[in-house]
Amino acid sequence: EMVDDGKNGYIYHAANGADALSNCICKFDSLSQTEYETMAKCSLDKAKQMFNPERYIEEIEKYYMEFKG
């Protein structure tokens, strides 16, 4: 999962309609500068973790070894 609700963004479910999306946008818009900067840093850290080249290579090697048997 790319978004950790409340930590690096907000999750809404489309089935909950436009009000749910609007609530997420309002929460984001009401963040203080400090809260915004914290959320932005968490987002960057999460992206670096998920898209780390070393991690990607480890995952490919793991799948290769499973395939190879």
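Is Lys41 buried or exposed, and at what relative accessibility? Lys41 counts as exposed, at 52% relative accessibility. The cut-offs are under 20% relative accessible area for buried, over 50% for exposed, and partly exposed in between, with a 1.4 Å probe and protein chains only.

## Basis of the model

This is a predicted model, in which local features need pLDDT of at least 70, side-chain atom pairs count only at pLDDT 80 or more, and totals for chains, interfaces and linings use all residues. Residues are numbered from 1 along each chain as its sequence is written, and side-chain values use heavy atoms, with hydrogens and water left out.

Helices are DSSP runs of H or I with at least four residues, strands are runs of E with at least two, and both are numbered from the N terminus.

## Salt bridges

How many salt bridges does the structure hold? There are three. A salt bridge here is a side-chain nitrogen of Lys or Arg within 4 Å of a carboxyl oxygen of Asp or Glu. Side chains of opposite charge can pair when their charged atoms come close.

Asp4 pairs with Lys46, with the closest N and O atoms 3.2 Å apart. Asp4 lies in the segment before H1 and Lys46 in helix H2, so this bridge ties together parts that are 42 residues apart in sequence. Asp45 pairs with Lys41, and the closest N and O atoms are 2.8 Å apart. Lys62 and Glu59 meet at 3.6 Å, N to O.

## Bridges along the helices

Asp45 and Lys41 are four residues apart in helix H2, so about one helical turn separates them. Asp45 is partly exposed, at 34% relative accessible area.

Lys62 is partly exposed at 38% relative accessibility. Glu59 is partly exposed at 27%. An α-helix has 3.6 residues a turn, so residues three or four places apart point the same way.

## Around Lys46

Lys46 sits in helix H2, residues 33-50. Lys46 counts as buried because its relative accessible area is 16%. Its side chain reaches the backbone oxygen of Glu1 at 3.3 Å. That is a polar contact: a pair of N or O atoms within 3.5 Å; within protein, one must be able to donate a hydrogen and the other to accept it, and residues adjacent in sequence count only if both atoms are side-chain atoms. Residues up to four places away in sequence aside, Lys46 touches Glu1, Met2, Asp4 and Asn8. Contact means heavy atoms within 4.5 Å.

Asp4 is partly exposed, with a relative accessible area of 29%. Leaving out residues up to four places away in sequence, Asp4 touches Gly9 and Lys46. The C-alpha atoms of Asp4 and Cys42 are separated by 9.2 Å, while the two residues are 38 apart along the chain.

## Asn8 in the first segment

Where does Asn8 lie? Asn8 is in the segment before H1. Asn8 is buried, at 11% relative accessible area. A polar atom of its side chain lies 3.1 Å from the backbone oxygen of Met2. Neighbours within four places in sequence aside, Asn8 is in contact with Met2, Val3, Met39, Cys42, Ser43 and Lys46.

Tyr12, Leu21 and Ile25 form a nonpolar surface patch, with about 260 Å² of accessible area together. Patches are made of residues with over 30% relative accessible area and no salt bridge; like charges are joined within 9 Å, and nonpolar side chains (Val, Leu, Ile, Met, Phe, Trp, Tyr) within 5 Å. Areas come from the Shrake-Rupley method with a 1.4 Å probe, and for residues only the protein chains shown count as cover.

Tyr12 is in the segment before helix H1 (18-29). Tyr12 is partly exposed, at 35% relative accessibility. Asn23 is in helix H1 and is partly exposed at 48%. The C-alpha atoms of Asn23 and Gln33 are 19 Å apart, and the residues are ten apart along the chain.

## Helix H3 and its ends

Helix H3 (residues 53-68) has 16 residues. From first C-alpha to last, H3 reaches 22 Å, close to the 22 Å expected at 1.5 Å a residue. The expected span is 1.5 Å times one less than the number of residues.

At the start of H3, a side-chain oxygen of Asn52 comes within 2.7 Å of the backbone nitrogen of Glu54. Just after H3, Gly69 takes a positive phi of about 85°.
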